[in-house]
Amino acid sequence: MKTKTILATLLAISLANSAMAQDDKNLLNHLAIGVGVGSPGITVELAAPVTDYLAVRAGADIMPKLKFKTTVDIDDSKRRELNSMLQKQQQTMDYFNIPNPNVPGEVDVEGKLNNTTGHVLFDVYPFRNADWHLTVGAYFGGKKVVNAYNTDDSQLKGIADYNNALNDRTFTMPDGTTFNGNDYKMGVRLGDYFLEPDRNGHVDADIQVKQFRPYVGIGWGRAVPRHHTVGFSIDLGVQFWGKPQVYCQDHQLTEDNVEGDGGGVIKAISKVSVYPTLSFKLNCRLF
């Protein structure tokens with residue numbers, strides 16, 4: 001709601017400025033192309049002045065599909081809890097034919113960033129000759145911004161075998177009490193999320209955000225240079241892409257109250273509800 005209010009207010013300001021400048025004879029008579037780099041990737045856009053107080057631009061932001069490596073923690077707390085419970089009954093996992101594998105402390109994970117977007121933005125200039133501006137608009141793109149997967153399935157194969165032995169089974173202890181195997185599975189931990197490997201020991205997770213992302217920012221420079229053919233501009237703002245959702249094997253996960261230390265970049269992205277945007281552009285007036 002706050003984002004919508006901000007957008008509505010700034011657009012109202014831009015429309016008011018447009019009305020003030022309706023007697024200007026040089027409206028919508030220029031077109032410029034801009035090329036830039038920054039956190040959205042490589043930007044290519046077209047821009048046109050609506051009035052001396054308002055410009056519109058639209059373009060694409062091409063983000064290279066960057067790969068990065070990190071590690072995530074193994075969460076074996078439930079297995080240790082199960083071992084402790086069995087020991088009190090003077091039993092082991094062998095009694096129930098449950099394998100008890102050696103568990104690595106961390107697992108190597110590779111992540112791929114995929115955040116190519118398009119945008120439509122409105123630059124609002126408070127004064128006729130001002131170069132600094134407020135910007136409102138929106139970015140839009142695919143919902144999957146990060147894909148993460150383990151690079152060596154053999155690291156998690158023993159965990160997968162352990163989980164498969166527990167899956168959807170109810171076990172009866174020697175004293176007659178029972179426990180549900182699903183409550184004692186192992187997996188990898190990505191921030192506040194628990195990821196269970198498939199039967200082959202593979203983990204495939206996606207971080208997903210909103211496809212439509214309102215934008216608010218400030219900047220310096222005109223997307224359509226006024227006094228020269230070529231100009232320079234800077235933009236700084238945020239895209240509101242919502243709270244990231246984590247999916248494992250296409251199944252949406254929910255947060256729990258146990259946080260892992262591993263994950264690096266992936267963990268950070270899974271917690272950030274806005275995408276900081278900083279870009280530098282060269283703008284060339286075509287006519």
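1. Lysine 69 is placed opposite glutamate 110 of strand S5. The two strands concerned, S4 (residues 67–75) and S5 (residues 106–113), pair in the antiparallel sense over seven bridges; strands count as paired if DSSP finds at least two bridges between them. Strands here are DSSP runs (E, at least two residues) and helices likewise (H or I, at least four residues), each numbered from the N terminus.

2. This is a predicted model, in which local features need pLDDT of at least 70 and side-chain atom pairs count only at pLDDT 80 or more, while totals for chains, interfaces and linings use all residues. Residues are numbered from 1 along each chain as its sequence is written, and side-chain values use heavy atoms, with hydrogens and water left out.

3. S4 also runs antiparallel to strand S11 (residues 187–190), to which three bridges join it. Here aspartate 73 stands opposite arginine 189 of S11.

4. Leucine 66 lies in the loop between strand S3 (54–62) and S4. Its relative accessibility is 44%, so leucine 66 counts as partly exposed; the classes are buried under 20% relative accessible area, exposed over 50%, and partly exposed in between (1.4 Å probe, protein chains only). Not counting residues up to four places away in sequence, leucine 66 touches Gly111, Lys112 and Leu113, where contact means heavy atoms within 4.5 Å. The C-alpha atoms of leucine 66 and valine 146 are separated by 9.8 Å, although these residues are 80 apart along the chain.

5. Helix H2 (residues 77–88) has 12 residues and reaches 17 Å from its first C-alpha to its last, close to the 16 Å expected at 1.5 Å a residue; the expected span is 1.5 Å times one less than the number of residues. Arg79, Leu82 and Leu86 of H2 are buried. They cover an arc of only 60° around the axis, which puts them on the same side of H2; the arc is that of the directions from the helix axis to the C-beta atoms. Gln87 and Lys88, on the other side of H2, are exposed. The buried residues of H2 pack against helix H3 (154–166) and strand S10 (178–180). Just after H2, glutamine 90 takes a positive phi of about 60°.

6. Glutamate 45 belongs to strand S2 (residues 41–51) and is buried, with a relative accessible area of 3%. Leaving aside neighbours within four places in sequence, the contacts of glutamate 45 include Ala32, His119 and Lys281. A polar contact of 3.4 Å joins the side chains of glutamate 45 and arginine 57. Such a contact is a pair of N or O atoms within 3.5 Å; within protein, one must be able to donate a hydrogen and the other to accept it, and residues adjacent in sequence count only if both atoms are side-chain atoms.
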